[in-house]
Amino acid sequence: MSVDAATAAPALTVQGISKSFGERRAVRDVSFEIARGELVAIIGPNGAGKTTLLSILAGIQQSDEGSVAQPDGTTARIGWVPQQTAIYGKLTVAQNLRLFAKLEKVSDPEATVERMLDQTGLGERADEELGRLSGGNRQRVNIAVGLLADPPVLLLDEPSGALDPRQRERLWGFITALTQRGTAVIFATHDIAEAERHADRVLVLADGELLFDDAPAELKRIAQADDEHDLEQAFVGFLRDRGH
Ligand SMILES: Nc1ncnc2c1ncn2[C@@H]1O[C@H](COP(=O)(O)OP(=O)(O)OP(=O)(O)O)[C@@H](O)[C@H]1O
Ligand SMILES: [Mg+2]
């Protein structure tokens, strides 16, 4: 986390977000803040509302209640890296980035594409067809698309799910570098160990309800993870004790 994170205005303030699909309440009165440069994990069982919450923060879906605010009432863009991405396998890396830069209406698409190729270390792959890249490199392009408008907040839905351990490490190196430059990052994951290792803070969502919002070490303490019960087991116990 950046040094000034504790004193600066939050990069994002989420207040009382609720969303139902018919009778199903997918997100229930969720509130939290994220500071500049902070890395926050959202964990919770299948159907907990992680994707729904992230897509509301990204402005892809509307909430029934609540608000999402950025500092000074700015409407700075929020970057969004969905699980199912829209990049085209038949286009090259650079062509994809150019296409999305134009769709995003960034002011200088060519310069933006160059900057993203540089930032993601994909310069050498610029002219390769996307469909031929490894999963890890494809995921970099997904993230580059999310970062085209240089957003102060980046949201990622299960970014590492399909990656091997080495590609994961590269992904986390890249995301950590982003946070060091001040970008606030929120990611959803089913990998509890990954949340513990990389996140400054963990949000636990179950049946749409925010059950926990604190440091990973605190979750470990509350869930009574120890040498015998690793965090994943302890987490299952934590949810069970709360009726989930
Ligand atoms: N478009 C939709 N229409 C109806 N129900 C929906 C819709 N999107 C999500 N839901 C429901 O809302 C709840 C939350 O779903 P969501 O996809 O947000 O969960 P999730 O935590 O991302 O789950 P997973 O870990 O499986 O990705 C689920 O019960 C889901 O079935
Ligand atoms: Mg999901």
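User: How many nonpolar, polar and charged residues does the shell around ligand 1 have?

Analyst: In such a count, Ala, Val, Leu, Ile, Met, Phe, Trp, Tyr, Cys and Pro are nonpolar, Asp, Glu, Lys and Arg are charged, and the others, Gly among them, are polar. Here, in a predicted model, the shell around ligand 1 has three nonpolar, six polar and two charged residues. Residues are numbered from 1 along each chain as its sequence is written, while chains are lettered from A and ligands numbered from 1 in the order in which they are written. Local features need pLDDT of at least 70, side-chain atom pairs count only at pLDDT 80 or more, and totals for chains, interfaces and linings use all residues.

User: Which residues surround ligand 1?

Analyst: A residue is near a molecule or strand if its C-beta atom, placed from the backbone, lies within 6 Å of it. Among those around ligand 1 are Phe-21, Arg-24, Lys-50, Thr-51 and Thr-52. Helices (H or I, at least four residues) and strands (E, at least two) are DSSP runs, numbered from the N terminus; α1 (50-57) and β2 (24-34) each give two or more residues to this shell, and α1 gives the most, with three.

User: Into which domains is the protein chain divided?

Analyst: Domain bounds come from an automatic or database domain assignment, and in this chain they give domain 1 (1-76 + 152-244) and domain 2 (83-151). Their contact, where C-beta atoms placed from the backbone lie within 7 Å, takes 13 residues from domain 1 and eight residues from domain 2.

Notes: Contact = placed C-beta atoms within 7 Å.
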